[in-house]
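Visitor: I'm new to this one. Could you walk me through it, feature by feature?

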Amino acid sequence: MADRNWIPVRGAQGTHSRQAHADMPAGTYEREISKEGFFGPAAFFHHPRPPTGWIRFEGPLRPRAFNLAALNEDAPSPWDAPRILGNAHVEIRFWKLEAPMPALARNADGDQLLFVHRGGGDLFCDYGRLAFEAGDYLYLPRGTLWRLRPSEGVSILMIEATNAHYTLPDKGMLGPHAVFDPAMLETPAMDAAFRAHQDEPGEVAVHIKKRGLVSTVTYPYNPLDAVGWHGDLAPARLNVSALRPVSSHRYHLPPSVHTTFVGERFVVCTFAPRPFETDPGALKVPFFHNNDDYDEVLFYHAGDFFSRDNIDAGMMTFHPSGFTHGPHPKALKNMLVQAKPSTDEYAVMIDARDPLDVDAAAASVENARYVDSWNTPG
Ligand SMILES: [Fe+2]
């Protein structure tokens, strides 16, 4: 955002540190208010009490948590999977598939990202076959014809870049091979299993989603019948175990350093295990912040979610912009000292620049008491 002429004010009052997220005045909790995520002007306040110390929280704005693992609607088509959250630029669904998809799918509305939370199997698509497993991101360019054949029941977080493309973040001075080497992206192969799939007899239906509505086109043969392809556009698989997250021993880096994919007016980030900061003055937990320009979504995939109390794998939290959020009381006790050497969590974060709407499926598995979880010390 260097091209903006931000209003040029700079100040410092009272008791404060000079370096953000480090050497905070004793007994204080730091809160950041900032523009454009963590990339614009920012101010850091030092409070004697955690800024999440509310005793009542009333009205439509509130932190929310959804137990997606409890959504038990098995859907043979991804377009039957319930929408959880969405806006004009991003659509988040949660999909449970217990058996092979009887039809092919095509998303005509935008690029599709599938995050495999549970299970595994094979992806068959225009380009060939690609085996997948838990922890995989599967990137499907808009228009790709595809189907999943799970070998066990799968649960998938679906993230659509509506009317837009997924790209990779600018890795800047880290260099292009940091975080994950592009060589770690795997693409489908036209192997024997793919050719056998092509030869299966019978009609094949294609469920095409366009402007949110599904049309069905039926062929008397399997339309995944290409005998070859070439080009520089293809589906790709990236497992979260391939990530080598950026960390600093002296500074708690903002979550934006964990950006994995960039959509239009939203990003997808991945929290993967990384060492805690070791500098005595450095913050070891996320800093309290408003992130006033973004709605924040976190999906908890696996591990021990170090900044959250009472959150299990398969849950999603939603922090719309407008209030301060930060570590839960139990995590906050470890603000400056951590017993463990590293985090042990995998989580997917979606940061949306525009407000997200909550759909009925999410509300049906909501933990209505989540808003109170900051005022019950662990
Ligand atoms: Fe946040």
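Here is a short chat about a metal site, a strand and a sheet.

Guide: First, this is a predicted model, where local features need pLDDT of at least 70, side-chain atom pairs count only at pLDDT 80 or more, and totals for chains, interfaces and linings use all residues. Residues are numbered from 1 along each chain as its sequence is written, and side-chain values use heavy atoms, with hydrogens and water left out.

Visitor: Which residues are the protein donors of the iron ion?

Guide: Donors are N, O and S atoms within 2.8 Å of the metal (3.2 Å for Na, K and Ca), and water is not among the atoms, so sites may look incomplete. Here they are His289 (NE2), Glu296 (OE), Glu296 (OE) and His325 (NE2), at 1.9 to 2.5 Å from the iron ion. Along the chain, the donors are spaced as H-x6-E-x28-H. Glu296 sits in strand β19 (residues 295-304) and His325 in the loop between β20 (315-319) and α2 (329-332), so this pair ties together parts 29 residues apart in sequence. Helices (H or I, at least four residues) and strands (E, at least two) are DSSP runs, numbered from the N terminus.

Visitor: Are Glu296 and His325 buried or exposed?

Guide: Buried means under 20% relative accessible area, exposed over 50%, and partly exposed in between (1.4 Å probe, protein chains only). Both Glu296 and His325 are buried.

Visitor: How many residues of strand β5 are buried?

Guide: In a regular strand, side chains alternate between the two faces of the sheet. In β5 (residues 90-97), eight of the eight residues are buried, so the strand is largely enclosed by the rest of the structure. Val90, Ile92, Phe94 and Lys96 point one way, while Glu91, Arg93, Trp95 and Leu97 point the other way.

Visitor: Which way do β5 and β12 pair, parallel or antiparallel?

Guide: Strands of a sheet pair through backbone hydrogen bonds, in either sense. Two strands count as paired if DSSP finds at least two bridges between them. β5 and β12 (residues 154-162) are antiparallel, over eight bridges, and Lys96 has Ser155 as its bridge partner in β12. β4 (residues 83-86) also runs antiparallel to β5, joined by three bridges; the two form a hairpin with three residues between them.

Visitor: What is the order of the open sheet of six strands?

Guide: The order is β9-β8-β11-β6-β13-β14, with mixed pairing. β9 (128-132) and β14 (213-219) stand at the edges with a single partner strand each, so one side of each has no neighbour in the sheet.
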